[in-house]
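This report goes through one protein model, from single residues to the whole chain. Please keep the sequence and the structure in view while reading.

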Amino acid sequence: SFPTRRSSDLYQAGISLSWPVFDGNKSNYRAQQADARATAALLAKEQLVNQITMEVKQASHQFTKACATQRAQQIAMHRAQSLFDRKSKDLSLGLITNTNLEEARYGLLQAKNKWLLAQAGLAQQDALLKFRCGVLS
C-alpha cells in the first residue's frame with residue numbers, strides 16, 4: 001500500500017515583487033541629485049588640480065628668477081671686488097687718494113649686501129617651490 005500524505009506535510013513557497021508605478025518622480029530626482037553631486041565633485045577636483053599646477057608653475061618661475069638675480073649679484077660682487085683690488089694697488093702706487101679707495105670699498109660692501117639678499121631670496125624661493133611641490137625637507 002502507498003503511504004498517504006497529510007495536508008500538514010505539504011510545503012509552499014512564493015515570491016512577491018512590488019514595483020511602484022508612480023513615485024512622484026522621487027527616484028528620478030534622487031538620481032539627478034547624485035549626478036549633480038558627482039559632477040560638482042569632479043569640477044572641484046579639476047579646479048584644485050589646476051590651482052596647484054598654477055601655483056607650482058609660479059613658484060618655479062619665481063625660483064628661476066631668483067637664480068638669475070643671485071647670479072647677476074654674484075657677478076656684480078666679483079666686479080666690485082676686482083675694482084677694489086685694483087684701487088688698492090693704485091693707492092699703494094700713489095695714483096689715487098684714500099677717498100677713492102673708500103668709495104671702492106663702499107661699492108664692494110653694497111655689492112656683497114645685494115648678493116647676500118639675493119642668496120636669501122633664492123633660499124626663500126627654493127623653500128616655496130619645494131612646499132608647492134609637496135617636498136617636506
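The model is a predicted one. K112 is a residue of helix 2. Leaving out residues up to four places away in sequence, K112 touches M77 and Q81. Between the C-alpha atoms of K112 and A80 the distance is 8.7 Å, and 32 residues separate the two in sequence.

## How the two helices are arranged

The protein has 2 helices and 0 strands. Helix 1 covers residues 26-92 and helix 2 covers residues 98-133. Their axes come within 7 Å and cross at roughly 160 degrees. Because of that angle, helix 1 is roughly antiparallel to helix 2; the cut-off for this class is an angle over 145 degrees. The crossing of helix 1 past helix 2 is left-handed.

Which residue classes form the contact of helix 1 with helix 2? The contact has 20 nonpolar residues, 14 polar residues and 7 charged residues.

## The nonpolar core

The largest nonpolar core has 7 residues in all: M77, A80, F84, L101, A104, L108 and A111. At least two residues of this core come from helix 1, and at least two from helix 2. The helix that gives the most is helix 2, with 4 residues.

F84 belongs to this core. With residues up to four places away in sequence not counted, F84 touches L101, A104, R105 and L108. Of these, L101, A104 and L108 are also listed in the core.

Neighbours within four places in sequence aside, Q70 is in contact with W115, A118, Q119 and L122.

I75 is also placed in helix 1. Its relative accessible area is 34%, so I75 is partly exposed. I75 and W115 are 40 residues apart along the chain, and their C-alpha atoms are separated by 9.0 Å.

## I96 in the loop

Where is I96 placed? I96 sits in the loop between helix 1 and helix 2. I96 counts as buried because its relative accessibility is 16%. Not counting residues up to four places away in sequence, I96 touches K87, D90, L91 and L101. One of these, L101, is a member of the largest nonpolar core and is also touched by F84.

## The chain as a whole

The protein has 137 residues, and buried residues make up 12% of them.

What share of the contacts with a separation of 6 or more comes from residues 24 or more positions apart? Such residues account for 74% of those contacts in the protein.

Key: Residues numbered from 1 in each chain as written. Predicted model: local features only at pLDDT ≥ 70, side-chain atom pairs only at ≥ 80, totals over all residues. Heavy atoms only, no water. Axes fitted to C-alpha atoms, helices over the stretch in contact; angles between N-to-C directions. Parallel < 35°, antiparallel > 145°, perpendicular 65-115°, else oblique. Left-handed = near helix turned anticlockwise from the far one by under 90°. Nonpolar A, V, L, I, M, F, W, Y, C, P; charged D, E, K, R; others polar. Core = buried A, V, L, I, M, F, W, Y, C linked by side-chain atoms within 4.5 Å. Buried < 20%, exposed > 50% of the residue type's maximum accessible area, 1.4 Å probe, protein only. Contact = heavy atoms within 4.5 Å.
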